Amino acid sequence: MTKLLLSLHVVAAILAIGPVAVAASMFPAAARRPDHAALPLLHRICRVYALLGVTVPVFGLATASSLGVLGDPWLLTSIALTALAAALLALLILPGQRRFLAGDSPNPARLGMLTGVFNLLWAAVVVLMIVRPGSTTGA
Ligand code: HEM
């Protein structure tokens, strides 16, 4: 059961977070070019896959409870970083893209900076998930 939950967790992370990271990173660069035709699709990918991404912590928490590691410091740190990244996406990046599309915020530099921080947070969570510092379960 743990293996099934962990597999679903990792598949969800690859299929949902991957596209958001790529599309969100492409948005500021595409916004600097004169042709804005790709922007609505990039924004839509970010929005739709962000919703699918909710399954990542859901399967993550299920995996953690099945492994009995819910209180481990590496996991609590991952949960905090995941929450921070999700908040960044939902409260600043997606609204920032929407404002740019509406013509209300013509400067994509801030969006590029926020997206960089967002990607760093995911990278940190993935490393934590693999290294699991301090964990005595598994390799
Ligand atoms: C609330 C957030 C999360 C929780 C509770 C959680 C929980 C877990 C747990 C319990 C494991 C199993 C570790 C083990 O085998 O002992 C795991 C593995 C993994 N998680 Fe997460 N996770 C979360 C977020 C994420 C995110 C956001 C990503 C990717 C962006 C991610 C990627 C991975 C990967 C790649 C593994 C496989 C690591 C391995 O088995 O070597 N997780 N996660």
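Modeller: Start with what counts as a donor: an N, O or S atom within 2.8 Å of the metal (3.2 Å for Na, K and Ca), and as water is not among the atoms, sites may look incomplete. The model is predicted, so local features need pLDDT of at least 70 and side-chain atom pairs pLDDT 80 or more, while totals for chains, interfaces and linings use all residues. Residues are numbered from 1 along each chain as its sequence is written, and side-chain values use heavy atoms, without hydrogens and water.

Biologist: Which residues coordinate the iron atom of the ligand?

Modeller: H9, through NE2, and M129, through SD, at 1.9 to 2.1 Å.

Biologist: Where do H9 and M129 lie?

Modeller: H9 is in helix 1 (residues 2-32) and M129 in helix 5 (residues 109-131), so the pair ties together parts 120 residues apart in sequence. Helices (H or I, at least four residues) and strands (E, at least two) are DSSP runs, numbered from the N terminus.

Biologist: What is the arrangement of the 6 donor atoms around the iron atom?

Modeller: Six donors count as octahedral if opposite ones are over 155 degrees apart and all others between 65 and 115. The 6 donor atoms here subtend angles of 82 to 180°, which makes the arrangement octahedral.

Biologist: Is H9 buried or exposed?

Modeller: Buried means under 20% relative accessible area, exposed over 50%, and partly exposed in between (1.4 Å probe, protein chains only). H9 is buried at 12%, whereas M129 is partly exposed at 28%.

Biologist: How many helices and strands does the protein chain have?

Modeller: The protein chain has 5 helices and 0 strands. Its C-alpha atoms fill a box of roughly 55 × 25 × 20 Å along the principal axes, and buried residues make up 34% of its 139 residues.

Biologist: What is the place of T115, and what does its side chain contact?

Modeller: A polar contact is a pair of N or O atoms within 3.5 Å; within protein, one must be able to donate a hydrogen and the other to accept it, and residues adjacent in sequence count only if both atoms are side-chain atoms. T115 lies in helix 5 and is buried, at 2% relative accessibility. A polar atom of the T115 side chain lies 2.7 Å from the backbone oxygen of L111.

Biologist: What is the phi of R132?

Modeller: R132 has a positive phi of about 45°, although it is not a glycine. R132 sits in the segment after helix 5 and is partly exposed, with a relative accessible area of 24%.

How values were computed
Four donors count as tetrahedral if all angles lie between 85 and 135 degrees; four count as square planar and six as octahedral if opposite donors are over 155 degrees apart and all others between 65 and 115; anything else is irregular.
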